[in-house]
Amino acid sequence: MKTKTTILLLTAALLALPTVATASPASSGAAWLATAQKPGADGMSADALVALRAGGRLTPAAARTRANALRAGANRYAATAGGTAKTILALVAARSGSARCAPGVDLLVRLQRQGHDGRYGTTIYDQAYGMLAIRALHAGPSARTIKVLKNARGAGGWNFELTRSGGHADDATATALAILALRAAGVPKSDGGLKAGLRWLRTQRTPAGGFALGRRDRNEANSTALAIEAARAMGSKDTRATSALKSLQRPGGAFQFTRDDAGSRVLATNDAVVALSGHVLPVISLRSTPKAC
């Protein structure tokens, strides 16, 4: 009887253990990312912190270690609006210490100074991430900033240069980011510009169901992930894009850039984990603005 009881207990314990086969794509991707991307002070480290929070793989100790490493190098990395914004988004996601303070720098003040007349830098990435960071800190964004981004939409979507006539064609990645930033800023799903942008985005779908930057002959993890988030932010699901993104995951949990090009697996996995976890950027927003440093 004792032997039978022992066997039953061992069997129950084994069945309770998580396995790679039963783990969700987001969870297994985050598990790979936790080992592959070490703590640091750059864009990939900042993105990884956000992805690990979204994927449920960020312990308090790991959050503290990663946040401390990011703060230590923030004065150097946060040299652009995009860099400052990503640092803020990561520190908000970390939930460890102030999300606006690093040694020698008040990140909110720096980001505000990097903006001018409603603009953060000159690219869609600076503008969108700047707006997402300001929202995450519960400090805006301003009506002027929202207007600048809304007015930058071209004939269909948005483009890299944050202007209607900058020489760049509208693209799926810029459009998805713009939708995310405007929705985070409180622009309603019923807004005509947002609805038109999402309709245009869907016309850029590849035959295989995903999205890519400036082309339609392959699925790219990053563009596809952002498109999934944009659809979610607008209250809809993109099951075709979700299936396309999942197809880029490899044994061990990492995502590839495309089916035939591994690219930066960290970059691909950062975006894929957020999208497949059911979140949208900024993932976490504070309820009140942190005190000045």
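Modeller: Partly exposed means a relative accessible area between the buried limit, under 20%, and the exposed limit, over 50%. Keep in mind that this is a predicted model.

Biologist: Where does Phe160 fall, buried, exposed or partly exposed?

Modeller: Phe160 has 33% relative accessibility, so Phe160 counts as partly exposed.

Biologist: How many aromatic pairs does the structure hold?

Modeller: One. Tyr125 and Phe160 form the pair, with 5.6 Å centre to centre and 55° between the planes. That makes the pair tilted. Planes over 60 degrees apart would count as edge-to-face.

Biologist: Which parts does the pair tie together?

Modeller: Tyr125 lies in helix H8, residues 124-136. Phe160 lies in the loop between helix H9 (143-151) and helix H10 (172-184). The pair therefore links parts 35 residues apart in sequence. Tyr125 is at 26% relative accessibility, so Tyr125 counts as partly exposed.

Biologist: What sits over the ring of Tyr129?

Modeller: The charged end of Lys86, 5.0 Å from the ring centre.

Biologist: Which residues form a disulfide?

Modeller: A disulfide is read from the distance between two cysteine sulfur atoms, within 2.5 Å. Here Cys101 and Cys293 form one, with the sulfur atoms 2.0 Å apart. The structure holds one disulfide. The angle about the S-S bond is -105°, and the link is left-handed.

Biologist: Where do the two cysteines lie?

Modeller: Cys101 lies in strand E1, residues 101-102. Cys293 is in the segment after helix H14 (265-276).

Biologist: Is each cysteine buried or exposed?

Modeller: Cys101 counts as buried, at 18% relative accessibility. Cys293 is exposed, with a relative accessible area of 54%.

Definitions and conventions: Residues are numbered from 1 along each chain as its sequence is written. This is a predicted model: local features need pLDDT of at least 70, side-chain atom pairs count only at pLDDT 80 or more; totals for chains, interfaces and linings use all residues. Side-chain values use heavy atoms; hydrogens and water are left out. Rings of Phe, Tyr and Trp (its six-membered ring) pair if their centres lie within 6.5 Å; planes under 30 degrees apart count as stacked, over 60 as edge-to-face and the rest as tilted. Helices (H or I, at least four residues) and strands (E, at least two) are DSSP runs, numbered from the N terminus. Buried means under 20% relative accessible area, exposed over 50%, partly exposed in between (1.4 Å probe, protein chains only). A charge sits over a ring if NZ of Lys or CZ of Arg is within 6 Å of the ring centre and within 35 degrees of the ring normal.
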